[in-house]
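Me: Can you take me through this one? I'll ask as I go.

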Amino acid sequence: MIKRKDTEKCMARAKAADRAMTGIFYSVGGFFLLLLLLLAGYIIFKGITDFYPELLTFGRNGIGNQFFNTVYLVFLSLVISVPLGIAAGIYMAEYAKEGQILSFLRVSIESLSSLPSIVVGLFGYLVFILMTGAKWNLMAGAMAVSILNLPLITTTTEDAIRSLPRGYKEGSMALGATHWQTIDRVLLPTSLPRIITGVILAAGRGFGEAAALLYTAGQSTNINWSNWNPASPTCPLNPFRPGETLALHIWVMRTEGSLNPNSTAIANFSAAVLIIMVLGFSLLARFLARRIDRKTGGL
Amino acid sequence: MTKQRSGGLGPQNSTAYRLKKEYLGRGAVTVCGILIILLTLSIGIFLLVKGTGTFTKYHHSVWEFLFSADWSPMDRADQGGGTVGAAIYICGTFLTCGLALLIAAPFSLAAAVFMTEISPKTGSRLFQPAVEIFVGIPSVVYGWIGLTVLVPFIRDVFGAKMGGFSVLAAGIVLAVMIFPTITTVSADAIRSVPWDYRNAAYGMGSTRWQVIYHIVFPAARPGIFTGIILGLSRAVGEALAVAMVIGKTRAFPANLLSPTNNLTAAIAADMGNSADGGEHNLALWSMALLLFSFSMLFIFIIHRISRKGRDRDKA
């Protein structure tokens with residue numbers, strides 16, 4: 001027979017355990033928020049305290065060139081991956097029939113998204129550098145980053161189109177539009193905000209990519225800002241010149257301590273700039289996502 | 001648009017019209033879909049061709065590559081005769097990732113519970129964005145912080161011999177990097193546990209912890225495992241952050257405070273200065289192939305888990 005006293009003891013123990021665990025959960029939650037604040041705060045603080053005006057220039061002690069390369073490379077990669085990813089997403093959401101091809105495509109995208117970026121970098125090195133006989137160049141880097149971006153853009157597009165109300169499609173087709181016209185005029189425009197959110201996230205990720213660029217975009221850069229002949233290897237806009245990005249610059253500065261006395265300051269400032277770029281993009285994506293939610297929630 | 005009529009005889013049924021308005025677009029997106037498949041296949045094939053070169057061109061055994069610690073490959077095009085035992089690198093990858101998982105998994109799980117069960121409001125307003133920012137921080141930046149803060153810290157506090165470059169440093173950096181992955185996926189899994197389960201347990205007088213431990217965890221287990229595997233796969237593939245703090249010493253680590261090397265760091269460091277097609281070069285490709293097979297293995301495991309989960313839900 002269970003005595004009343006035992007039951008009470010058992011309950012008291014359960015309650016104590018509950019309180020203890022709640023405390024633990026709160027402290028872990030708090031710990032992570034604190035860790036993030038400390039981390040982001042430290043990076044930005046370090047970047048500011050180590051700042052010297054020359055950092056903003058385009059020379060050897062500045063990061064202007066690397067900053068430009070980063071933006072340009074991400075832009076190039078989006079030029080490749082956005083059309084391809086959106087088209088593939090449309091295919092998956094609208095045209096592919098449930099079956100072998102679709103499931104194979106899903107497995108492909110899953111494999112792509114789980115590939116280590118260094119492996120993608122090696123693939124890029126082999127195909128875009130060794131097999132073409134080219135030197136390190138921005139385009140090769142952009143293609144490697146596109147491979148990393150593609151899964152995200154494709155799946156966001158597919159999800160965005162699939163989550164639209166059926167009525168949109170039925171209404172359009174009932175008016176006599178073809179399937180493609182429906183996609184082009186109705187489905188794509190209405191799902192565009194969500195797709196853009198995905199693209200922004202992809203861009204944010206592209207800014208920080210380094211391992212895939214190690215052997216594609218190269219670890220050096222040489223830009224002549226008065227040279228605007230796109231065929232010249234020092235022209236800023238030539239996509240076939242070596243283009244070290246900010247993230248890679250941090251990696252390079254790590255080993256260049258003896259060569260460049262400012263390397264720590266440069267790396268600290270680069271890290272701060274990268275963090276701010278990534279934060280800005282993720283905030284932008286979040287803001288857009290929330291606006292979309294509010295819009296569709298009001299329907 | 002006024003020309004369009006319903007019925008079978010409208011202009012929209014002429015081949016030319018349909019070609020322009022339907023088949024062109026359809027063809028284009030289909031090609032893009034196929035292109036992704038081809039891209040994935042070609043990555044796999046290139047890796048396979050290059051990665052097996054060690055075994056076919058230079059006739060090393062797979063056994064030697066996986067289990068021997070004797071690493072001195074020749075670095076000249078088309079000349080073999082060295083040794084390609086990658087056991088130290090493989091061991092380094094396992095150790096750092098295992099340690100990272102050991103640190104990150106309990107913390108992430110607790111964080112996931114915190115943001116779903118304990119404090120959903122803070123969870124969605126503060127915690128979710130914070131986790132997303134964690135994901136967004138580039139891996140080199142993690143590596144740089146590890147190099148400038150964590151490594152000196154380990155050197156001073158634990159008195160590590162190699163100036164703090166250690167398995168421990170790599171494990172901690174990786175743990176911070178995979179924590180968001182495990183947390184988000186587990187939180188999703190916990191959220192999708194039906195409320196009836198919890199209500200039934202609360203109705204019988206359970207405390208919140210009892211509900212979490214006895215009801216929510218078991219019900220969300222497949223999702224939590226998926227999160228852990230995804231985190232592991234991110235840790236295994238991470239290159240530069242680890243390379244910055246692991247010390248890149250070609251030796252088995254004596255303890256957590258000694259430096260070692262791992263697969264990704266070795267590839268990142270050596271690929272650029274190895275002769276294309278040489279023994280060293282191909283051995284590095286074999287390591288990339290190994291990484292690739294790890295990520296395939298992880299995908300396979302995740303599929304098994306989700307299939308099992310589905311079967312259980314049906315029953």
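Me: How many residues of chain B are in contact with chain A?
Reply: In this predicted model, 77 residues of chain B contact 75 residues of chain A.

Me: And what area is buried between chain B and chain A?
Reply: About 7000 Å², with carbon and sulfur atoms giving 80% of that.

Me: Which three residues supply more than any other three of the area that chain B buries against chain A?
Reply: Ile36(B), Trp144(B) and Trp209(B), which supply 10% of the area on the chain B side.

Me: How many salt bridges between chain B and chain A?
Reply: The count is one. Glu132(B) and Arg286(A) form a salt bridge through their side chains, at 3.2 Å from N to O.

Me: Which helix of chain B gives the most to the side that touches chain A?
Reply: H1(B), with 21 residues. Other helices of chain B that each supply at least two residues there include H4 (87-118), H9 (208-237) and H12 (279-314).

Me: What is the make-up of that side by class?
Reply: The side of chain B touching chain A has 49 nonpolar residues, 18 polar and ten charged.

Me: Switching topic: how many residues are in the largest nonpolar core?
Reply: It has 185 residues. Among those with the most contacts inside this core are Phe25(A) and Trp251(A), along with Val141(B) and Met287(B).

Me: What does Met287(B) touch?
Reply: Leaving out residues up to four places away in sequence, Met287(B) touches Phe65(B), Trp71(B), Tyr89(B), Leu263(B), Ala266(B) and Ile267(B).

Key:
Residues numbered from 1 in each chain as written. Chains lettered and ligands numbered in written order. Predicted model: local features only at pLDDT ≥ 70, side-chain atom pairs only at ≥ 80, totals over all residues. Heavy atoms only, no water. Contact = heavy atoms within 4.5 Å. Buried area = accessible area lost by both parts, 1.4 Å probe. Salt bridge = Lys/Arg side-chain N within 4 Å of Asp/Glu carboxyl O. Helix = DSSP H or I, 4+ residues; strand = E, 2+ residues; numbered from the N terminus. Nonpolar A, V, L, I, M, F, W, Y, C, P; charged D, E, K, R; others polar. Core = buried A, V, L, I, M, F, W, Y, C linked by side-chain atoms within 4.5 Å. Buried < 20%, exposed > 50% of the residue type's maximum accessible area, 1.4 Å probe, protein only.
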